[in-house]
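Hi everyone, thanks for making time. Please have the structure open on your screens, and I'll walk you through a few parts of it.

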Amino acid sequence: DPDDLTTDVLVIGSGPAGASAALFLATYGVQHIVITKYRWTANTPRAHITNQRTVEIMRDMGIEDEVLAEATPHDLMGDTVFCSSLAGEEIGRIRTWGTHPEREADYRLASPSMNCDLPQTIFEPIMISHAASRGSRVRFDTEYLSMTQDADGVTVQVLDRLWGHQYAIRAKYVVAADGGRSKVVSDLALPMAGEMDIAGSMNIVFHADLSAYVAHRPSVLYWVLQPGATIGGIGLGLVRMVRPWNEWLITWGYDISQPPPDLTDEMAVEIVHNLVGDDSVPVTIRSLSLWGNNKMYAERYAQGRVFAVGDAVHRHPPSNGLGSNTSIGDSYNLAWKLAHVLRGTAGPGLLDSFDAERAPVGEQIVLRANKSIEEFGALLEALEVTGTDDVEAMQAGIDGRADDSADGAEKRRRIRAALELKDYEFNAHGVELGQRYRSGAVVADGTEEPAYTRDPELYYHPTTWPGARLPHCWLGRDGRRVSTHDVAGHGRFTLLTGITGRPWADAAAKVAAVLGVELHGVVVGPGADVTDLYEDWSRLREVAEDGCVLVRPDNHVAWRSAGPVDDPASELERVLRRVLDR
Ligand code: FDA
């Protein structure tokens with residue numbers, strides 16, 4: 001009887017945030033229903049850069065191989081080109097997404113998983129199908145209409161868009177993953193900062209074999225600067241690889257103060273031919289859409305029993321490729337907490353840490369993504385193509401970079417500096433992996449936060465300081481390599497210690513039994529549970545061999561102890577009670 005439809009968690013939306021929430025909840029055995037407005041998942045490629053954090057989360061879910069099999073690999077991602085058209089002159093080229101040999105080491109050292117390029121149209125079905133096979137009940141064509149909350153749960157009115165009838169779903173908790181125009185967030189009136197629709201963009205998805213122009217400089221992004229291409233100024237277009245090298249997406253700006261352009265296939269083909277610089281290339285237009293650039297984030301992500309994730313709470317341009325990655329990160333942070341609270345192994349206070357931990361991340365990435373757009377200005381200024389509508393003057397500015405003169409040399413220096421600034425968009429490893437959470441679900445160990453020795457946005461700084469992401473290194477199990485992230489994760493708490501720290505591992509077993517929580521003590525050392533294959537863990541752990549590092553199910557450090565204590569079981573129980581609000 002639909003009138004009594006009840007569930008533990010209702011997930012609204014099946015984009016990266018909702019589909020991943022479903023995957024995590026299903027994997028953790030949490031009963032839930034997903035509703036989503038349309039008949040299927042995303043209909044255009046949109047998000048694609050899949051960073052290491054996301055791939056390692058999929059590894060934790062056991063589906064990394066499938067993600068990588070469907071994705072364009074790391075080594076085809078990074079020769080990002082700036083040009084006047086694909087067939088025309090190249091203005092500059094930078095190595096992106098960690099493909100510079102120097103940066104590649106940073107990326108390989110930081111995670112068991114490399115980044116890849118996976119369009120949303122392929123990624124969402126992978127997540128949603130694994131979620132469904134693990135127990136999600138997914139209702140397509142089902143729209144959220146309204147909700148009311150009381151002390152025990154949330155009653156959500158939904159519309160079946162096939163039959164046209166409305167019914168109610170009663171849930172203990174709601175995950176609102178309904179995207180950048182979130183009705184849930186506006187119904188709850190969550191406090192928001194910033195503004196929406198600050199610039200307009202159009203997406204043109206098309207098929208065309210462009211191998212001749214790109215295969216020798218493989219990248220996911222080709223930036224095209226065209227004088228006079230937009231009304232009154234330089235046109236900055238993006239030709240983005242969807243599948244190498246015959247499926248593409250062009251993003252092209254339009255003036256948002258004017259009525260939206262009435263884009264036809266003919267106009268789209270003309271834009272494609274202009275940016276490619278060759279109008280003999282056969283082009284098949286697959287879809288056209290318009291979207292707004294936003295700079296908006298929620299200052300609170302939760303109200304009562306409703307938790308908002310993804311674009312619903314952070315809305316920003318695609319720069320840095322953070323949209324879908326951050327959305328998945330939100331859900332990964334929330335899902336294990338919901339699982340514990342619903343199982344009764346944590347108090348409701350654990351859920352307060354979701355907002356405390358993720359809202360600062362959302363603010364950071366919204367500001368970062370917008371700043372990355374502004375930083376394109378340095379390149380345009382170096383080329384002297386700003387502040388004029390005169391196409392010839394702009395072209396002369398671009399051509400001036402070849403001048404055999406002091407001015408030419410100065411221009412070349414400025415172009416180089418402007419391209420280097422783009423590392424903050426394309427090689428921002430610290431932004432991707434560097435989150436250090438501060439909340440009630442992290443217990444301080446009395447040490448100072450470790451200082452950043454390199455730029456915190458560009459470089460990831462591994463640390464076991466409580467709240468930080470567990471540093472990755474390779475350990476050995478039966479002679480095979482396993483990551484610290486493989487040893488931890490899997491929905492459990494993990495305590496890592498050394499051979500002289502065995503009392504900690506014994507304490508972990510005791511405390512797990514007392515609290516009814518999955519807590520897995522792992523001794524690292526010769527002949528122990530895992531070996532320190534390259535001695536990397538002893539270099540990274542920042543505690544003595546007889547100390548310990550307590551890791552949460554989401555592979556963030558909950559707490560650590562520098563060395564032994566008199567009564568490790570009661571110390572560990574105290575800490576876990578704090579983390580779990582018990
Ligand atoms: P998303 O918007 O993906 O999903 C929302 C879900 O909620 C959908 O399943 C929808 O059906 C559902 N829904 C909405 N209202 C509902 C209702 N009332 N009831 C039930 N269900 C409802 N990012 C990036 O990194 N690189 C890029 O190139 C781009 N490009 C891009 C282009 C365009 C046109 C857009 C709109 C967005 C991008 N993005 C992007 C952003 C990226 O797509 C975005 O960050 C993620 O999709 C966010 O995932 P969410 O799951 O939060 O929302």
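Before I name a strand, a word on terms: strands here are DSSP runs of E with at least two residues, numbered from the N terminus. Also keep in mind that what you're looking at is a predicted model.

With that in hand, let's go to Ile-33, which sits in strand S2, residues 32-35. Is Ile-33 buried or exposed? Ile-33 has 22 C-beta neighbours inside 10 Å, and the cut-off for buried is 20 or more, so Ile-33 counts as buried. Setting aside neighbours within four places in sequence, Ile-33 is in contact with Thr-7, Leu-10, Arg-137, Arg-139 and Ile-169. Gly-135 is worth a look here too: 102 residues separate Ile-33 from Gly-135 in sequence, while their C-alpha atoms are 9.2 Å apart in space.

Now let's move over to Val-276, which is part of helix H8, residues 265-276. Val-276 counts as buried because it has 24 C-beta neighbours inside 10 Å. Which residues does Val-276 touch, once neighbours within four places in sequence are left aside? They are Ser-85, Leu-86, Ala-87, Leu-210, Tyr-213 and Val-281.

Next, a helix pair. Helix H1 covers residues 16-27 and helix H9 covers residues 323-343; their axes come within 8 Å and cross at roughly 30°. H1 and H9 are therefore roughly parallel to each other, and H1 passes H9 in a right-handed crossing. On the H1 side, the residues that meet H9 are Pro-16, Ala-17, Ser-20, Ala-21, Phe-24 and Leu-25. Their partners in H9 are Ser-324, Ser-327, Ile-328, Asp-330, Ser-331, Tyr-332, Leu-334, Ala-335 and Leu-338. Sorted by class, this contact of H1 with H9 has ten nonpolar, four polar and one charged residues.

Let's zoom out to finish. The protein chain has 19 helices and 25 strands. Of its 582 residues, 48% are buried. Among contacts with a separation of 6 or more, 72% are between residues 24 or more positions apart. Along the principal axes, the C-alpha atoms fill a box of roughly 80 × 60 × 40 Å. What radius of gyration does the protein chain have? The protein chain has 25 Å, which agrees with the value near 25 Å for a compact globule with 582 residues.

Methods. Residues are numbered from 1 along each chain as its sequence is written. This is a predicted model: local features need pLDDT of at least 70, side-chain atom pairs count only at pLDDT 80 or more; totals for chains, interfaces and linings use all residues. Axes are lines fitted to C-alpha atoms, for helices over the stretch in contact, and angles run from 0 to 180 degrees between N-to-C directions. Helices (H or I, at least four residues) and strands (E, at least two) are DSSP runs, numbered from the N terminus. Angles under 35 degrees count as roughly parallel, over 145 as roughly antiparallel, 65 to 115 as roughly perpendicular and the rest as oblique. A crossing is left-handed if the near helix is turned anticlockwise from the far one by less than a right angle, and right-handed if clockwise. Two residues are in contact if their C-beta atoms, placed from the backbone, lie within 7 Å. Ala, Val, Leu, Ile, Met, Phe, Trp, Tyr, Cys and Pro count as nonpolar, Asp, Glu, Lys and Arg as charged, and the others, Gly among them, as polar. The radius of gyration is taken over C-alpha atoms; the globule rule is 2.2 Å times the number of residues to the power 0.38. A residue is buried if 20 or more other C-beta atoms lie within 10 Å of its own, exposed if 12 or fewer, and partly exposed in between; C-beta atoms are placed from the backbone.
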